[in-house]
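Me: I'd like to learn how to read a structure like this one. Could you walk me through it, one feature at a time?

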Amino acid sequence: MNENPVIVSGSVHLELSLKLAKTLNISLANTQIGKFPNGELRVRILDELRSKTVILVQSLSVRPQTSLIELVL
């Protein structure tokens, strides 16, 4: 059984993700996006996503190299 969908937002368009979640009446996943002391990117999704439909929102137009790595992580 598939649970309600959830939006996972990258750091580039958080405002868009919030508007989408409100418009679609679905939740926005809790995430932590930052850097380790050595400069490597760190992405953590704090919500359980198993058995959920996930909608990823991330643009690659701003800081494309960092945004792409963030999306992959």
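Reply: Happy to. Keep in mind that this is a predicted model.

Me: Is Ser67 buried or exposed?

Reply: The general idea is to look at relative accessible area, where under 20% counts as buried. Ser67 has a value of 0%, so this residue is buried.

Me: What is Ser67 in contact with, if we skip its neighbours within four places in sequence?

Reply: The partners of Ser67 are Val12, Gln58, Ser59, Leu60 and Val62.

Me: How far apart are Leu46 and Thr23 in space?

Reply: From C-alpha to C-alpha, Leu46 and Thr23 are 23 Å apart, and in sequence they are 23 residues apart.

Me: Now for charges. How many salt bridges does the structure hold?

Reply: It holds two. To spot one, you check for a side-chain nitrogen of Lys or Arg within 4 Å of a carboxyl oxygen of Asp or Glu. Glu15 and Lys19 make such a pair, with their closest N and O atoms 3.4 Å apart. Both residues belong to helix H1 (residues 14–24), and they are four residues apart, about one turn of the helix. With a relative accessible area of 56%, Glu15 is exposed.

Me: What about Arg50 and Glu48?

Reply: Their side chains meet in a salt bridge too, at 4.0 Å from N to O. Arg50 and Glu48 are both exposed.

Me: Which residues form the nonpolar patch on the surface?

Reply: The patch is formed by Val54, Leu56, Leu60, Leu68, Leu71 and Val72, and together they have about 510 Å² of accessible area. Two elements, E5 and H2, each give two or more residues to the patch. H2 supplies the largest share, three residues.

Technical notes: Residues numbered from 1 in each chain as written. Predicted model: local features only at pLDDT ≥ 70, side-chain atom pairs only at ≥ 80, totals over all residues. Heavy atoms only, no water. Buried < 20%, exposed > 50% of the residue type's maximum accessible area, 1.4 Å probe, protein only. Contact = heavy atoms within 4.5 Å. Patch = residues over 30% accessible without salt bridge, like charges linked within 9 Å, V, L, I, M, F, W, Y side chains within 5 Å. Areas by Shrake-Rupley, 256 points an atom, 1.4 Å probe, with all protein chains shown as cover.
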